[in-house]
Amino acid sequence: MVLNSVQAEASSMENENETGENPVEETFQKELNEKVEQISPGRDDIPEGIPADEPYVGQEFESEAAAHAFYNAYATRVGFIIRVSKLSRSRRDGSAIGRALVCNKEGFRMPDKREKIVRQRAETRVGCRAMILVRKVSSGKWVVTKFVKEHTHPLAPGKGRRDCIYDQYPNEHNKIRELTQQLAIEKKRAATYKRHLELIFEQIEEHNESLSKKIQHIVDRVREIESKEQQNRV
């Protein structure tokens, strides 16, 4: 009964404003903390039948970052990508007290009028509801208050994050590969132009040096002639 109560209250928290709580925040927070702490097992006391690497309601983390890292590692093993979603802050001091981490296929993408002009993007959001909700309690730890395991789309277990992204954006991946190849060609072309310019500058420098020597030779010859004429006059 306590577990169901916490999950219900956690669900109601999702409907709150992302930047604040309701007017009875302190009372709500205190009651929620007490109920969460009642069901929160110890670090080594995982409920029976739940894999050690799978989230569960009541699971504790030292920080929000630790919860994010755990769910991200779980997502990589299962075969999906997570996205950071709703954030709840305390109206008392503005600190973060709740965070939702969802599947990146959560929700639906809003239509973009520019797509009719530019290009059609691949559909990546299919309304998946898989997520975890973590809540900061009075002890300072972050506790899982809601966990939805089921996805509404096929998973890709064993694939890394990059492979999952490539699967979701095949057209974009091909375009990136084409642009990368074009970039490599342009770099080679730029290197060739640079070498040609360097050769031209070297030739100009050699020509200037040769011209300077010729001019100096002429100047020396003129001085020599002038010197001889002066001697003849004497």
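I begin with His-151, which is buried, since its relative accessible area is 18% and the cut-off for that class is under 20%. Please keep in mind throughout that this is a predicted model.

Where does His-151 lie? It is found in the loop that runs between strand E5, residues 142–148, and helix H4, residues 161–168. Leaving aside residues up to four places away in sequence, His-151 touches Phe-80, Cys-103, Cys-128 and Ala-130. Phe-80 and His-151 are 71 residues apart along the chain, yet their C-alpha atoms are separated by 9.3 Å. There is also a polar contact of 3.3 Å, which joins the side chain of His-151 to that of His-153.

How many aromatic pairs does the structure hold? There are five. In one of them, the rings of Tyr-71 and Tyr-74 have centres 5.9 Å apart and planes at 20 degrees, so this pair is stacked; the cut-off for stacking is under 30 degrees. Both residues belong to helix H3, which spans residues 64–78, and because they are three residues apart there, about one helical turn separates them. Tyr-71 has a relative accessibility of 0% and therefore counts as buried. Tyr-74, at 6%, is buried as well.

Tyr-71 also forms an aromatic pair with Phe-80. Here the centres are 5.9 Å apart and the planes stand at 65 degrees, an edge-to-face arrangement. Phe-80, like Tyr-71, is buried. Ring pairs link these residues into a cluster, whose members are Tyr-71, Tyr-74, Phe-80 and Phe-147.

I turn now to the sheet. In what order do its strands run? The sheet is open, with five strands in the order E1-E5-E4-E3-E2, and the pairing is antiparallel. Strand E1, residues 60–61, and strand E2, residues 82–89, are at the edges; each has a single partner strand, so one side of each has no neighbour in the sheet.

Let us take one pairing in detail. Strand E3, residues 96–103, pairs with strand E4, residues 131–136, in the antiparallel sense over five bridges. Within E4, Met-131 is the bridge partner of Val-102.

Phe-80 in turn belongs to the aromatic cluster. Thank you for your attention.

Technical notes
Residues are numbered from 1 along each chain as its sequence is written. This is a predicted model: local features need pLDDT of at least 70, side-chain atom pairs count only at pLDDT 80 or more; totals for chains, interfaces and linings use all residues. Side-chain values use heavy atoms; hydrogens and water are left out. Two strands pair if DSSP finds at least two bridges between them. Helices (H or I, at least four residues) and strands (E, at least two) are DSSP runs, numbered from the N terminus. Rings of Phe, Tyr and Trp (its six-membered ring) pair if their centres lie within 6.5 Å; planes under 30 degrees apart count as stacked, over 60 as edge-to-face and the rest as tilted. Buried means under 20% relative accessible area, exposed over 50%, partly exposed in between (1.4 Å probe, protein chains only). Contact means heavy atoms within 4.5 Å. A polar contact is a pair of N or O atoms within 3.5 Å; within protein, one must be able to donate a hydrogen and the other to accept it, and residues adjacent in sequence count only if both atoms are side-chain atoms.
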